[in-house]
Amino acid sequence: MEQLVLLLSLFALAVFLGVELITKVPPTLHTPLMSGSNAISGITIVGAIVATGSGGEAGVLVQLLGFVAIVLATINVIGGFLVTHRMLSMFKRRG
């Protein structure tokens, strides 16, 4: 029970800090920061693949959560690449 309270407190703190940090970022920096977060989502995908592949005690639950993490992180990576591509195309010279 104590571990659950600790994990929920950590999650609440992460949400609060995330919201505070994002609201302080100027709009012109949102796209470059999203491009940089693709590396973090790539690490999330690797971790989710490892979690999905591990059997362990809670095999079905871990595999289900790992699959959901893979899907969501992949959507985030694809969206980040699309936004980065669009941002970089704005800097190309028109010939």
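This is a predicted model: local features need pLDDT of at least 70, side-chain atom pairs count only at pLDDT 80 or more; totals for chains, interfaces and linings use all residues.
Residues are numbered from 1 along each chain as its sequence is written, and side-chain values use heavy atoms, with hydrogens and water left out.

Is Phe 67 buried or exposed? I looked it up: Phe 67 counts as exposed because its relative accessibility is 52% (buried is under 20% relative accessible area, exposed over 50%, partly exposed in between, with a 1.4 Å probe and protein chains only). Phe 67 also belongs to a nonpolar surface patch, together with Leu 64, Val 68, Val 71, Leu 72 and Ile 75. I read off about 570 Å² for this patch. Patch members need over 30% relative accessible area and no salt bridge; nonpolar side chains (Val, Leu, Ile, Met, Phe, Trp, Tyr) are joined within 5 Å, like charges within 9 Å.

I then checked Gly 53, which sits in helix H2. Gly 53 counts as exposed because its relative accessible area is 64%.

**The whole chain**

The protein chain has 3 helices and 0 strands, and from the N terminus on the order reads α-α-α. Its C-alpha trace spans about 60 × 30 × 15 Å along the principal axes. I also looked up burial: 13% of the 95 residues are buried. Of the contacts (heavy atoms within 4.5 Å) with a separation of 6 or more, 64% come from residues 24 or more positions apart.

**Ser 41**

Next I picked Ser 41, in helix H2 (residues 27–53). Ser 41 counts as buried because its relative accessibility is 7%. Which residues does Ser 41 contact, leaving aside its neighbours within four places in sequence? I found Ala 73, Asn 76 and Val 77. With Asn 76, there is a polar contact from side chain to side chain at 2.6 Å (a pair of N or O atoms within 3.5 Å, one able to donate a hydrogen and the other to accept it within protein; residues adjacent in sequence count only if both atoms are side-chain atoms).

**The salt bridge**

How many salt bridges does the structure hold? I counted 1, where the term means a side-chain nitrogen of Lys or Arg within 4 Å of a carboxyl oxygen of Asp or Glu. The partners are Lys 24 and Glu 20, at 3.4 Å from N to O. They are separated by about one helical turn because they are 4 residues apart in helix H1 (residues 2–24). Lys 24 is exposed, with a relative accessible area of 62%, whereas Glu 20 is partly exposed at 32%.

**Leu 82**

My last stop was Leu 82, in helix H3. Leu 82 counts as exposed because its relative accessible area is 56%.

How values were computed:
Helices (H or I, at least four residues) and strands (E, at least two) are DSSP runs, numbered from the N terminus. Accessible areas come from the Shrake-Rupley method with a 1.4 Å probe; for residues, only the protein chains shown count as cover.
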